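The plan is to look things up one at a time and jot down what turns up.

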Amino acid sequence: MNATAAVAAAVVPAAGRGERLGPGAPKALRELGGVPLLVHAVRALVRSRAVGLVVVAAPVDGVAEVSALLDGHGLEGKDIRVVAGGATRQESVRLGLAAIPAEVGIVLVHDAARPLVPVEVVDAVASAVRAGAGAVVPAVPLADTVKRVEPVPGGPEPVLDTPDRATLRAVQTPQGFRRETLAEVHARALAEETAGDAGALPPVTDDAGLVERFGGRVVVVPGHEEAFKVTRPLDLVLAEAVLARRRASDAY
């Protein structure tokens, strides 16, 4: 892998609304410590020397707004591109990938809702891809016992079994891929959608899941407890506490 191909580009899908945080601005634009989640997430990526470009997939009607937002928070000197995202996360990633120069061989995909991912996690994911892995996810062990249940909306749900917690991991982002691996699985997923076959398959919630669906191998590197996803109001409270601690110790 040549020097240009070994420098990663990152895609940040940020076109969704994130309704579980309640009504208002899209989740990526909700503020943490007075700064939008998206800005925190992009800063976390550009701090890594492994990342040379960040592509943000913004709401279709918000490209100019997001560009101005990033510039207004001291990111105007970085190689950051803002493109129009899609109606789904998968489509936004595909559109972001299309904006990355062909010579870039490593692509990271990072959730805007994970604003506090440490730079060491970004570096570890990119390093694992550079070392030869086709798809890499950071993950942490589970603290809670997990039950697999039969879903029953609004009622008690029968327990089917209790998986061995030692074999389970909670997956985070950024996830890392060889560029050709990510492009191939997104092309195959789009072909499924066009043919009307996607509805017959279980939903895929991350890009590594697409790799798995089409027979690829995914490996895990250690994640970090502070790379949690801000999805609900309580997550935002926890993120504020983490950010306050970092600022108090001059670590952020």
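This is a predicted model: local features need pLDDT of at least 70, side-chain atom pairs count only at pLDDT 80 or more; totals for chains, interfaces and linings use all residues.

**Strand pairing**

I started with E7 and E11, which pair in the antiparallel sense over 2 bridges. Pairing here asks for at least two bridges found by DSSP between two strands. Strands (E, at least two residues) and helices (H or I, at least four) are DSSP runs, numbered from the N terminus. I looked for the partner of Ala 135 and found Phe 177 in E11.

Residues are numbered from 1 along each chain as its sequence is written, and side-chain values use heavy atoms, with hydrogens and water left out.

Back to E11 (residues 175-178): it runs antiparallel to E6 (residues 106-109), and 4 bridges join the two. Ile 106 stands opposite Arg 178 there. E6 also pairs with E1 (residues 8-13), in the parallel sense and over 4 bridges. In that pairing I see Ala 9 with Val 107 as its bridge partner.

Is E6 covered on one face or on both faces? Both: Ile 106 and Leu 108 are buried on one side, Val 107 and Val 109 on the other. For me, buried means under 20% relative accessible area, exposed over 50%, and partly exposed in between (1.4 Å probe, protein chains only).

I checked the peptide bond between Thr 173 and Pro 174, and it is cis, with omega at about 10°. Pro 174 sits in the loop between E10 and E11.

**The whole chain**

Next I stepped back and got 8 helices and 12 strands. The C-alpha atoms fill a box of roughly 55 × 40 × 35 Å along the principal axes. For 252 residues a compact globule would have a radius of gyration near 18 Å, and the chain agrees with its 18 Å. That radius is taken over C-alpha atoms, and the globule rule is 2.2 Å times the number of residues to the power 0.38.

Of the 252 residues, 44% count as buried. I also looked at contacts (heavy atoms within 4.5 Å). Among those with a separation of 6 or more, 73% come from residues 24 or more positions apart.

**Helix H4 and what follows**

In H4 (residues 89-98) I listed the buried residues: Gln 90, Ser 92, Val 93, Arg 94, Gly 96 and Leu 97. They pack against E1, E4, E5 (80-84), E6, H6 (179-195) and H7 (207-213).

Then I moved on to Ala 102, in the loop between H4 and E6. Is Ala 102 buried or exposed? It is exposed, because its relative accessible area is 71%.

Leu 37 belongs to helix H2. With a relative accessible area of 0%, Leu 37 is buried. Leaving out residues up to four places away in sequence, Leu 37 touches several others, including Lys 27, Ala 112, Pro 115 and Leu 236.

Pro 115 itself lies in the loop between E6 and H5 (119-130). Its relative accessibility is 1%, so Pro 115 counts as buried.

Ser 48 is in the loop between H2 (37-46) and E4 (51-58). At 2% relative accessibility, Ser 48 is buried as well. What does Ser 48 touch, not counting residues up to four places away? I found Val 119, Val 122 and Asp 123.

Last entry: the second largest pocket has a volume of about 250 Å³. It has 13 lining residues, and the closest to its centre are Val 140, Pro 141, Leu 142, Ala 143 and Ala 170. E7 (135-141) and E10 (169-171) are the elements that give two or more residues to the lining.

My pocket is an open set of points on a 1 Å grid over the protein atoms alone, where a 1.4 Å probe fits, with protein on both sides within 12 Å along at least five of seven lines; lining residues have an atom within 4 Å of a point. The volume is the space filled by probe spheres set on the points, which are joined across faces, edges and corners.
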